[in-house]
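This report concerns a predicted model.

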Amino acid sequence: MDKKIPPHKEAAFQEINRNFSGDDAKHQCERLLQALKMYSINTYEASRGLGVYHPPARILQLRKKGYPIDTVWQTIVAENGDTHRVGCYLLRSGDHRHES
């Protein structure tokens, strides 16, 4: 997989970042959740495109709130050319139980 964020996701991420600004965990979860409602998101995309500093922790918080998020693994190439195995997160469709 290429290291760049696809243009269609990049545009969506910019909109999400404008609508859900803030650097605390709550705002990071909100951005990540909004993105997951549209696309599968890997760790690289969450970090680089959404400003989510520790995506696995934010995913865990969302799961604890009842969001059904699956993880699949993919390999990406980082900016320095190294390959990394990263989580790709998918929000299952259907009814979601969650806390406010």
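## Salt bridges and a helix contact

Lys9 is buried, since its relative accessible area of 8% falls under the 20% limit. The partner of Lys9 in a salt bridge is Glu45, with 3.1 Å between the closest N and O atoms. Glu45 is likewise buried, at a relative accessible area of 3%. Because Lys9 belongs to helix α1 (residues 7-19) and Glu45 to helix α3 (residues 43-50), this pair ties together parts that are 36 residues apart in sequence.

In the structure as a whole, three salt bridges are found. They are listed below.

| Salt bridge | Closest N to O distance |
|---|---|
| Glu45 and Lys9 | 3.1 Å |
| Arg92 and Asp70 | 3.1 Å |

Arg18 and Glu15 lie three residues apart in helix α1, about one helical turn. Arg18 is exposed, with a relative accessible area of 56%, whereas Glu15 is partly exposed at 37%.

The salt bridge between Arg92 and Asp70 links distant parts of the chain: Asp70 is in strand β2 (residues 69-77) and Arg92 in the segment after β3 (83-91), 22 residues apart. Arg92 is partly exposed at 43% relative accessibility, and Asp70 is partly exposed at 29%.

Helix α2 (residues 25-36) and helix α4 (residues 55-64) have axes that come within 10 Å and cross at roughly 80 degrees. The two helices are therefore roughly perpendicular to each other. The residues of this contact comprise eight nonpolar, two polar and one charged. Among them are Leu32, Leu33 and Leu36 in α2, and Arg58, Ile59 and Leu62 in α4.

Note on methods:
Residues are numbered from 1 along each chain as its sequence is written. This is a predicted model: local features need pLDDT of at least 70, side-chain atom pairs count only at pLDDT 80 or more; totals for chains, interfaces and linings use all residues. Side-chain values use heavy atoms; hydrogens and water are left out. Axes are lines fitted to C-alpha atoms, for helices over the stretch in contact, and angles run from 0 to 180 degrees between N-to-C directions. Helices (H or I, at least four residues) and strands (E, at least two) are DSSP runs, numbered from the N terminus. Angles under 35 degrees count as roughly parallel, over 145 as roughly antiparallel, 65 to 115 as roughly perpendicular and the rest as oblique. Contact means heavy atoms within 4.5 Å. Ala, Val, Leu, Ile, Met, Phe, Trp, Tyr, Cys and Pro count as nonpolar, Asp, Glu, Lys and Arg as charged, and the others, Gly among them, as polar. A salt bridge is a side-chain nitrogen of Lys or Arg within 4 Å of a carboxyl oxygen of Asp or Glu. Buried means under 20% relative accessible area, exposed over 50%, partly exposed in between (1.4 Å probe, protein chains only).
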